[in-house]
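Reader: How do I read helix packing in a model like this one? Show me the structure, then take me through it.

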Amino acid sequence: MLLQGSLTQIEHALAPVRHVMKPLLSDPLVMGVWALLVVASVGTLWWDVRARNQALPSLMKGVWTLVVLYSGPFGLAVYWYAGRTQIDSDSLWRRGFRSTAHCYSGCGAGEVVGFALLAGIFALGSSLVVTAGTFALAYLFGYALTVGPLMQEGVGFGEAMLDAFYSETPSITVMEIAAVGTDLLVASQAHVSELLFWGALVFSLSVGFVFAYPVNAALVHLGVKEGMENPAEMGQKRSNGQPQTAD
């Protein structure tokens with residue numbers, strides 16, 4: 001009863017957000033403009049990677065592509081600030097952005113698959129089942145993006161899972177609470193055939209990134225996460241003919 005009452009109070013407090021965002025995310029013109037911005041942002045990213053940032057490992061090229069697909073110009077701005085070999089100096093804030101982007105790419109894929117599969121294709125009517133399934137897929141995808149590269153470097157599966165558990169769980173948890181909560185707040189009754197379903201999903205992903213960023217920055221500051229390799233150093237290694245190392 002206490003939990004239900006608290007959730008009701010939170011829903012009432014956030015009602016103005018729902019009233020503002022639902023019309024915007026249901027508007028074909030707004031979403032059409034957003035789609036064009038995403039296409040332009042992805043095109044800019046790929047051009048920059050091919051022309052100036054071939055030194056980036058294939059994993060990070062994929063990570064940045066997903067980040068920009070999810071968040072359009074916002075994702076491109078994050079890449080420009082923290083992910084290019086041309087950054088003048090690295091910092092905690094840039095490392096936090098790279099760490100969040102890495103987490104975001106996997107968890108975002110899990111969230112998209114979760115909502116599209118459970119609420120869309122399977123048309124499950126239970127918000128609890130959809131939420132639990134989406135959380136599970138987000139964790140699965142997020143852990144896989146950490147465990148896979150570690151195992152490629154020779155780390156055993158058990159050790160890689162333990163590393164992923166303590167380094168990724170805090171950020172994944174905060175990201176998914178914010179993202180899934182936003183999606184349910186704005187479009188809990190929307191059908192997969194409605195524009196609101198997809199608009200709210202896109203919006204919720206970026207909300208999750210914003211909330212997860214300070215968590216990742218704190219984990220990097222505490223030494224729990226490394227924040228991914230400095231891209232400027234990758235560029236220097238490439239120009240010096242040195243082999244690239246994994247992130």
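Author: Start with the axes. Each is a line fitted to C-alpha atoms over the stretch in contact, and angles run from 0 to 180 degrees between N-to-C directions. Two packed helices are described by the angle and the distance between their axes. Note that this model is predicted.

Reader: At what angle do helix 7 and helix 8 cross?

Author: At roughly 150°, with the axes coming within 7 Å. Helix 7 covers residues 157-187, and helix 8 covers residues 195-222. Angles over 145 degrees count as roughly antiparallel. Helix 7 and helix 8 are therefore roughly antiparallel to each other.

Reader: Is the crossing of helix 7 and helix 8 left-handed or right-handed?

Author: Right-handed. The contact of helix 7 with helix 8 has 18 nonpolar, six polar and one charged residues.

Reader: How should I read the salt bridges?

Author: Side chains of opposite charge can pair when their charged atoms come close. The count here is four salt bridges.

Reader: What does Arg 84 form a salt bridge with?

Author: Asp 48, with the closest N and O atoms 2.8 Å apart. Arg 84 lies in the loop between helix 4 and helix 5, and Asp 48 in helix 3, so the pair ties together parts that are 36 residues apart in sequence.

Methods: Residues are numbered from 1 along each chain as its sequence is written. This is a predicted model: local features need pLDDT of at least 70, side-chain atom pairs count only at pLDDT 80 or more; totals for chains, interfaces and linings use all residues. Side-chain values use heavy atoms; hydrogens and water are left out. Helices (H or I, at least four residues) and strands (E, at least two) are DSSP runs, numbered from the N terminus. Angles under 35 degrees count as roughly parallel, over 145 as roughly antiparallel, 65 to 115 as roughly perpendicular and the rest as oblique. A crossing is left-handed if the near helix is turned anticlockwise from the far one by less than a right angle, and right-handed if clockwise. Ala, Val, Leu, Ile, Met, Phe, Trp, Tyr, Cys and Pro count as nonpolar, Asp, Glu, Lys and Arg as charged, and the others, Gly among them, as polar. A salt bridge is a side-chain nitrogen of Lys or Arg within 4 Å of a carboxyl oxygen of Asp or Glu.
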